[in-house]
Amino acid sequence: MLRYLLFITAASNNICAASVGIRRFPAFVSTPSLSSKRSSLAVGRQQAVAFVDNNKEHSLQKNLRNIQGVVAAMTSSKNANVLSDAEAYHDMVSAAVDLANVYTRNGIVTATRSVRDIDTNSRRQFLYNIPLPSQSNGSHPFVSPPIELPTKIKARIPSPSGSKIAILVEESIPAGASESKRHVFEIWTDNGHQLANRIPLPSEKHGLVCTDFAWFGGISWSPDESAIVYTAEVNKPKTASFFTTTTSNVDDKNNTIIGGQYTLGVGKNEDWGEKYTSTALLSLFCLNVDTGNIGAIENVPGSFMAKDASSTEGGYVLGQPIFSPCGKSVVYTGWDAGGGREMPRRLGAIYCFQRPCKIYSSPVSELLGQLASPSADNDEEVTSKGDTPYVCITPNDRLARSARFSKPAGDASKLAYLCNTKGFDTHGGCMALHVSEWDMSRGSVMESSLNVVVDVVQLPGEREDETEVAGIKFPGLFLNQLPADCFSPDGKHIVTTTEWGSVNKMVSISLDDGTVSPINFDLLGEGFSDKAAQQFLCFTEDGGAIVTQSEANRPTVLGLLHPSFIQHGQGVAPSEVLFDMPPISCTSFSSSKPCTGYSYQIMNTQPSHGEVKVPVGSVLLLPENTETGEKLPLVVVPHGGPHTCMSTSYFPSYGFLCKHGRYAVLHINFRGSTGFGQAALESLAGNAGSLDVLDVVAATRAVIDAGVADPDRVGICGGSHGGFLAGHCIGQHPDLFKAAAMRNPCTNIASMVTATDIPDWCYVESIGPGHYNFSDFSAPSKEELDVMWDKSPIAHLQHVTAPTLMALGMKDKRVPPSQGIEYFHALRAKNVPTKLLVYDDCDHAIDLVVSEADFWINTKQWFDQHL
């Protein structure tokens, strides 16, 4: 007898038939993939199987019609689920409040909010102007709707008094020019109402202005508001083809390098890796806002005007510039780009806070005088040749950055900055706070005035300070930059935000004795909680503070602390909400709705393994309305880095998994994370793939033992180093982790080390500190490659059975896409269920709006299918 085996693919309704043997089968058999443990419809390729005996009375056509009806119902259900996922994700990201460039002037708080726009695959910027409440009657004034900023506006910098605003605009070059875009400074006066001057920045002076204000970039007003200092790209040498030497196509033949278009350091820049692919050398320039004259600050380390102009190799990258309060000097950070012999190869800069850097001061009085002259010609080179040489303020410190001045008091001011004298090999670390006195009359640091206000902390509690935040004693300062406005009005405290365990915490630091005190407040009036993420933004004119508060289940709220907040010690400072920003719909797909529906808690697990005994901090998200005794599927999320920290801030993607997917979500700050002391952080170096894996397993089992999670439905999701840990966990502990989602993971350190922008990471994390020679680059030895391979997830591939989702940004310079591709093909060859998502236009973060959304919805559906 002949049977027919029918395969119906739910995704496409395709039907095919094949002959089978003589064994009898039931008339209709549903494969296990059709009834997932999590859903009646599994996501992806699903098949219904029907076996029909041609000797029976049932006709093939009748069976086909019946099966097609089932498939239609399945397809409708699947589309409904996909629609529901998209709507839920939309709600979570529309509620996000991502703020930047927040400042107060003349009783108005100005803030820029970034909003995802899925329809256009972009981020839109909205400008809010929020009046401060009247202190006399406590009333809250009306907040006008936000104004959308055009994409061509790259920066808005108010002057100290607020009477002027410098707006940096990116616009197209007029037809006929070779460049495609240029930057223009618009100077608005009369409190920002009058456009007084438009100053195009000539390409002959420099390249584009650096607008990366989180790291290299910076724009600062002079105290008298007559000038601006900014960071811009140093122009590449002029080059031309070998075949244009005898034609008129080459302008300025004497300064053109023939045949140099494709030479690294000449026509091709040596960049700073991930996210900085167009950045090679940055230098400092001053602009007079009245005359429009522009001049280079030449008295700087590695001056591009003093060095060989035929190359962009060597030298220094100069950034984070600010004017001194006396207006006589510019203080800035200089990163070694080869000129200091500590960086023979430019390594990746973003998220790499160990790159050698120092703080310098350059007198600029003569330069500013030249620029103020109406007779100065912008076509001629105006430089600071007449000013005295620069001074290195931090000659003995390997790492120093983020210079900030207090308001002057008499003839002196205070200069504060972050510092780590010894430095560290890991990509993040604990910073000290140094403060020196600034002589206003001389325009320089006073000799022997250095004060180490807060030193590097090795372990929480070593300062004998009993203050705790979420169960953790003070672990040291973990922050990348000080706020621009960080000195209290009386100059006695610095106020900033630091990672304190798993919490982003606002603190005040006494400049008299170095006491670090948490600033406690409750914007929402729901009772103070020390687990909420709270951030200091700036001071108000009367000494109050503009702050934010968010929680893992609550988007950011903008608030105000009253002027006495520093004096409240361990108490709760008076506060009020300035504006609780409503959602802004990120797509025309659906309207936005509230995003509540889950809770969270902090868990500190005491590990028995490892030499450095500090808690492993975790943030656990739980869906609401769970039944008594219900054990939830668990998604474990180790963070990337590895030297970063996952805080209690609002992250819409994980809220989406928890609320809509009804997963318990566990963020794990394994040892090596920031916010738990320098010794705990450095204990991971050389132990990656073992210590961090054991920490993840211990925290996971703690949640299972607490009766929260189902031990048979545990998945793991991570990107970068988090993906590295996901690969290790499904390989080393296959009985615990039943599914995985990996985003740009490192899977084979040995094959990554020569292809990444951070080869030092490969040495430090697998072999240990001191094994990468930053001053003398060399290729890895055979022995080193053996260690790297042993520390890689690929070494445990033979044990992997967990279905694995892989997502890759094909422009990733940090973890080459080949890492994920290699692992994907290896899994597929083992018949492990796997799926590869390829994002051609994304880099390491996969942060383009549409790609980000696609990844998280795919991730939710992957866990739906396999947990």
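User: What makes the charged end of R398 count as sitting over the ring of F774?

Analyst: This is a predicted model, and in it the charged end of R398 is 5.8 Å from the centre of the F774 ring. The cut-off is within 6 Å, along with an angle within 35 degrees of the ring normal. R398 is listed as sitting over that ring.

User: Which ring face does K531 lie over?

Analyst: That of Y600, with 4.2 Å to the ring centre.

User: How many aromatic pairs are there?

Analyst: The count comes to 22.

User: Why is the pair of Y332 and Y360 called stacked?

Analyst: Their ring centres are 5.9 Å apart and the planes meet at 20 degrees, so the pair is stacked; the limits are within 6.5 Å and under 30 degrees. Y332 belongs to strand β20 and Y360 to strand β21, so the pair ties together parts 28 residues apart in sequence.

User: Are those two buried or exposed?

Analyst: Buried means under 20% relative accessible area. Y332 has 0%, so Y332 is buried, and Y360 has 6%, so Y360 is buried too.

User: What makes Y663 and F863 edge-to-face?

Analyst: The planes of Y663 and F863 are at 65 degrees and the centres 6.2 Å apart, so this pair is edge-to-face; that label needs over 60 degrees. Y663 sits in the loop between α3 and β40, F863 in helix α11, so the contact links parts 200 residues apart in sequence. Y663 is buried at 0%, and F863 is buried at 0%.

User: Which residues form one aromatic cluster with W215?

Analyst: F216, W272, Y276, W335 and F353.

Notes: Residues are numbered from 1 along each chain as its sequence is written. This is a predicted model: local features need pLDDT of at least 70, side-chain atom pairs count only at pLDDT 80 or more; totals for chains, interfaces and linings use all residues. Side-chain values use heavy atoms; hydrogens and water are left out. Rings of Phe, Tyr and Trp (its six-membered ring) pair if their centres lie within 6.5 Å; planes under 30 degrees apart count as stacked, over 60 as edge-to-face and the rest as tilted. Helices (H or I, at least four residues) and strands (E, at least two) are DSSP runs, numbered from the N terminus. Buried means under 20% relative accessible area, exposed over 50%, partly exposed in between (1.4 Å probe, protein chains only).
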